Amino acid sequence: RNALWDVLLLMREYGMDGLDLDWEPIAKADEPAFVKLVKAVRTALPTAIITVPVDWTSASPVFKEVAPYLDQINIMSYGMCGDSSWPGWTVHHSSALQGHTATSPSSIAKCVDAYLAAGVPAGKLGVGLGCYGTAFSGVTAPGQVMGTGRIVGNDGAYSYTTIAKTLHNATRYKYDVKCDAPYLTSATAMDARGATYITYEDA
């Protein structure tokens, strides 16, 4: 009896269709064990749905190796920006569809291209959608120098419902056509946390 056996028992008890193998981050040294796990799970569950979430920063060739054993490899393509703790970055979006630059080097298109280049079949790739916002103070728009800008909250405080019902209005809402991403902006604080820029996803 081992952990995989216990998981199989739980799946049978609750009538589950599959598993999500959320091993993150998958360090280089962990890759052999990760491959072994994926193959063991597929052997034990030949007809189950098996998925793996992967980091947007790391398109390792190991994912090509495990792709035949998985139904989907899902890129966690959100939270792809940071504050002054990310040296050299300008203000960016949490989940820009495109439009990455040298000083804001993340986008969903860039992530997908990297996994395709690593050998993962397109039909196995999924992209993530973060139904929350990341709020900053000290900055007001993408492309600005970060300076003293800092993150004042994210998914815990800025759910999509909170943004849509209490923070969104026509004067604050902007859409970055280059990046295909919405955001809220205000010269003054939008809430008690001091948010002046909120990057998030909408319809």
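Visitor: Where is Glu24 found?
Guide: Glu24 sits in the loop between strand E1 (18-20) and helix H2 (31-44). Helices (H or I, at least four residues) and strands (E, at least two) are DSSP runs, numbered from the N terminus. By the way, this is a predicted model, where local features need pLDDT of at least 70 and side-chain atom pairs count only at pLDDT 80 or more, while totals for chains, interfaces and linings use all residues. Residues are numbered from 1 along each chain as its sequence is written, and side-chain values use heavy atoms, with hydrogens and water left out.

Visitor: What separates the C-alpha atoms of Glu24 and Val54?
Guide: They're 7.4 Å apart, though the two residues are 30 residues apart along the chain.

Visitor: Switching to pockets: what volume does the largest one have?
Guide: About 220 Å³. A pocket, on a 1 Å grid over the protein atoms alone, is an open set of points where a 1.4 Å probe fits, with protein on both sides within 12 Å along at least five of seven lines, and lining residues have an atom within 4 Å of a point. The volume is the space filled by probe spheres set on the points, which are joined across faces, edges and corners.

Visitor: Which element gives the most to that lining?
Guide: E2 does, with 3 residues.

Visitor: Tell me about Thr51, then. What does it touch?
Guide: Thr51 is in strand E2 (residues 49-55). Leaving out residues up to four places away in sequence, Thr51 touches Leu19, Asp20, Leu21, Gln72 and Asn74. Contact means heavy atoms within 4.5 Å. Thr51 counts as buried because its relative accessibility is 13%.

Visitor: Which residues of helix H4 are buried?
Guide: In H4 (residues 108-117) they're Ile108, Cys111 and Tyr115. They're on the same side of H4, because they cover an arc of only 65° around the axis. That arc is taken from the directions from the helix axis to the C-beta atoms.

Visitor: How many disulfides are there?
Guide: The count is 0, where a disulfide is a pair of cysteine sulfur atoms within 2.5 Å.

Key: Buried means under 20% relative accessible area, exposed over 50%, partly exposed in between (1.4 Å probe, protein chains only).
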